[in-house]
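Let's take a friendly walk through a protein model together. Have a look at the sequence and the structure below, and then read on.

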Amino acid sequence: IFDVVHTSSSIAEDDHHNEDNNRRLAEEESHHVTGVLKHVNESAPSAGYINLHELLPETYETKYYTYAGSLTSPPCSHSTTWFVFEDAVPIAEFQLDQIRESLTVVHEHPSHSHSYQAVLYPFVAIAMGTLTQHLISRFAPSLPYTMIVMIEGFLLDLLASINNEGRLNSLQESLRMWSNIDGHLLLYAFLPALLFGDVMSLNTHVFEKVFWQAVLLAGPGVLLGAAGTG
């Protein structure tokens with residue numbers, strides 16, 4: 001009887017010890033989840049960024065199952081590839097509550113597309129250029145227009161670089177969109193308009209006089225300049 005009691009007591013102690021170890025490991029493994037969820041709560045209203053890699057198990061690249069499935073909401077299209085990890089990341093009940101609160105915050109502050117902000121920077125640039133040309137022509141005709149526009153560009157860039165607690169205002173967001181635009185798109189969009197504007201104001205008499213000089217400069221001149229500069 002004493003052996004049975006002792007064995008039962010040992011098993012109970014081992015189970016209790018294993019349970020404590022499992023709880024401790026679960027708390028350690030889910031500690032990074034708590035940090036990420038805290039970041040979600042703090043950054044959700046300001047559309048912060050979340051590193052999803054921190055939510056994945058360490059073996060996510062080697063231990064997983066995959067199958068072709070469908071979306072979980074209508075129209076439930078069969079266009080989704082599902083991945084199920086073999087090793088799960090345990091989380092506690094209070095972390096689930098944080099997820100629910102984070103989703104509530106996101107729903108209360110929905111993220112809308114602000115693609116219309118892209119037209120803000122061109123509008124501001126055109127308005128500044130037009131006003132500058134008007135003021136120079138009336139009050140300071142001796143000042144070079146391109147130099148004044150360059151200075152205005154530096155000032156605009158300085159204003160755009162002001163840090164507003166990690167959030168961008170509308171003008172800064174518009175500048176960010178234009179700084180990431182494809183250069184070929186700018187070339188194809190603006191070059192025809194610039195050429196058309198120059199052709200419409202072209203002086204044919206001057207064009208006939210400098211045509212061969214322009215051809216010489218644009219042809220052999222460019223080649224010699226490229227060869228000379230390496």
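## A glutamine in a loop

Gln 117 lies in the loop between helix H3 (93-108) and H4. Keep in mind as you look around that this is a predicted model.

Is Gln 117 buried or exposed? Its relative accessibility is 12%. Buried means under 20%, so Gln 117 counts as buried.

What does Gln 117 touch, leaving aside residues up to four places away in sequence? The answer is Ser 170, Glu 173, Ser 174 and Met 177.

## Helix H6

Ser 174 takes us to helix H6, which covers residues 170-179. Buried residues in H6 are Gln 172, Glu 173, Ser 174 and Leu 175. Which helices do the buried residues of H6 pack against? They pack against helix H4 (120-139) and helix H5 (145-160).

## How H4 and H5 pack

Now for the two partners of H6. Two packed helices are described by the angle between their axes and the distance between the axes. For H4 and H5, the angle is about 140° and the axes are 10 Å apart. The two helices are therefore oblique to each other. H4 passes H5 in a right-handed crossing.

Which residues meet where H4 and H5 pack? On the H4 side they are Tyr 121, Met 128, Gly 129, Thr 132, Gln 133 and Ile 136. On the H5 side they are Tyr 145, Ile 148, Glu 152 and Leu 156.

## The whole chain

Let's step back. The protein chain has 8 helices and 2 strands, and along the sequence they follow the pattern α-α-β-β-α-α-α-α-α-α. Some values for the chain are gathered here.

| Property of the protein chain | Value |
|---|---|
| Share of the 230 residues that count as buried | 10% |
| Share of contacts with a separation of 6 or more that join residues 24 or more positions apart | 47% |
| Accessible surface | about 18,600 Å² |
| Share of the accessible surface that belongs to carbon and sulfur atoms | 65% |

Methods: Residues numbered from 1 in each chain as written. Predicted model: local features only at pLDDT ≥ 70, side-chain atom pairs only at ≥ 80, totals over all residues. Heavy atoms only, no water. Buried < 20%, exposed > 50% of the residue type's maximum accessible area, 1.4 Å probe, protein only. Helix = DSSP H or I, 4+ residues; strand = E, 2+ residues; numbered from the N terminus. Contact = heavy atoms within 4.5 Å. Areas by Shrake-Rupley, 256 points an atom, 1.4 Å probe, with all protein chains shown as cover. Axes fitted to C-alpha atoms, helices over the stretch in contact; angles between N-to-C directions. Parallel < 35°, antiparallel > 145°, perpendicular 65-115°, else oblique. Left-handed = near helix turned anticlockwise from the far one by under 90°.
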